[in-house]
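Biologist: I would like to learn how to read pockets and disulfides from a set of coordinates. Could you take me through them one at a time, with the general idea before the particular case?

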Amino acid sequence: MTQLGGVQSWSLGVTLQLVLAAFLHQGFATVAPPTTAAPHKEPSRPEKGNYHVYSTNNTACLLASMGLQLNITFSSVSQNKTLQEVVNLQPNMTKSSGLCATESAFLKLTTDSDKTNLTFFFTLNTTTNKYHLSEVSLFAVRPDTKEPFSTNNNSLDYLQGTLGYSYMCRQEQTLDVTQDLSINTFQLQVQPFGLDGDHFGAAEECQLDEDDMLIPIIVGAALAGLVLIVLLAYLIGRKRSHAGYQTI
């Protein structure tokens with residue numbers, strides 16, 4: 001009887017150990033290691049490309065040097081929702097063409113094996129001798145859309161310049177074209193009218209560049225004023241100290 005009780009106690013102890021081991025194994029097996037979301041990757045800065053349009057006598061009539069980044073909003077078929085995509089134009093894979101007239105000119109950039117066409121239209125006011133970017137259109141064949149992406153705006157007023165001068169903006173600027181398209185430009189210089197040979201005329205800089213140059217001037221002037229105040233305080237204090245010695 002005593003032997004039977006000992007066997008039962010031993011069996012119970014073994015059973016409890018097995019149950020505990022199985023429970024611990026299941027607990028460790030179901031606890032997954034924590035996962036971290038992939039970091040958001042910002043789009044890289046686009047390379048600067050040099051583009052040109054030649055007239056019938058084989059002389060340049062439009063020059064453009066710039067990095068271009070397209071912000072496109074489109075309806076995805078596979079995901080059944082609206083998506084936003086950032087696309088950098090690659091200069092080594094982009095062809096330029098266009099046409100120049102007395103009061104208008106356009107630059108057409110073709111890339112992605114002729115599946116993407118981005119066109120800039122410029123208008124010249126012959127009364128004021130001022131030009132501006134008046135229209136932008138984009139046509140792109142995309143793999144995840146029911147039909148090609150197409151958008152256009154012919155009532156723009158960007159990149160304003162003077163005949164014979166180029167428009168320059170080194171800072172990044174955004175051109176809002178339509179609800180579905182905006183364009184970021186980098187290191188931009190363009191001249192659609194009044195070229196003298198194959199080089200840009202004198203540059204008229206954008207407000208962003210002027211503001212960027214103004215900041216160090218203001219900081220420098222403030223530091224110079226601070227140095228002057230300290231110097232004057234030192235001279236006045238030294239003069240008073242010298243006068244006190246004379247009185248004694």
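Biologist: Which strands each supply at least two residues of the lining of the largest pocket?

Modeller: Please keep in mind throughout that this is a predicted model. As for the general idea, rolling a probe the size of a water molecule over the atoms shows where empty space is left. In this structure, strand S2 (60-76) and strand S3 (81-88) each contribute at least two residues to the lining of the largest pocket, and the space in that pocket comes to about 310 Å³.

Biologist: How many residues line the largest pocket, and which of them lie nearest its centre?

Modeller: The lining consists of 15 residues, and those nearest the centre of the pocket are Val87, Thr111, Asp112, Thr116 and Arg142.

Biologist: Why is the disulfide of Cys61 and Cys100 called right-handed?

Modeller: The handedness is read from the torsion about the S-S bond, which is about 75° for Cys61 and Cys100, and the disulfide is therefore right-handed. The two partners can also be read by their accessibility: Cys61 is buried, at a relative accessible area of 12%, whereas Cys100, at 26%, is partly exposed.

Biologist: Where in the chain do Cys169 and Cys206 lie, and how many residues apart are they?

Modeller: Cys169 and Cys206 are joined by a disulfide with an S to S distance of 2.1 Å. This pair links distant parts of the chain, since Cys169 sits in strand S10 (residues 166-169) while Cys206 sits in the loop between strand S13 (203-205) and helix H2 (207-247), 37 residues apart. The torsion about their S-S bond is about 65°, so this disulfide is right-handed, and both Cys169 and Cys206 are buried.

Biologist: What pattern do the disulfides follow, with bonded cysteines counted along the chain?

Modeller: Counted in that way, the pattern is 1-2, 3-4. As a setting for these features, the protein chain has two helices and 13 strands, and 29% of its 248 residues are buried.

Conventions:
Residues numbered from 1 in each chain as written. Predicted model: local features only at pLDDT ≥ 70, side-chain atom pairs only at ≥ 80, totals over all residues. Heavy atoms only, no water. 1 Å grid on protein atoms, 1.4 Å probe; cavity = no way out; pocket = protein on both sides within 12 Å on 5 of 7 lines; lining within 4 Å. Points joined across faces, edges and corners; volume = space filled by probe spheres on them. Helix = DSSP H or I, 4+ residues; strand = E, 2+ residues; numbered from the N terminus. Buried < 20%, exposed > 50% of the residue type's maximum accessible area, 1.4 Å probe, protein only. Disulfide = S-S within 2.5 Å.
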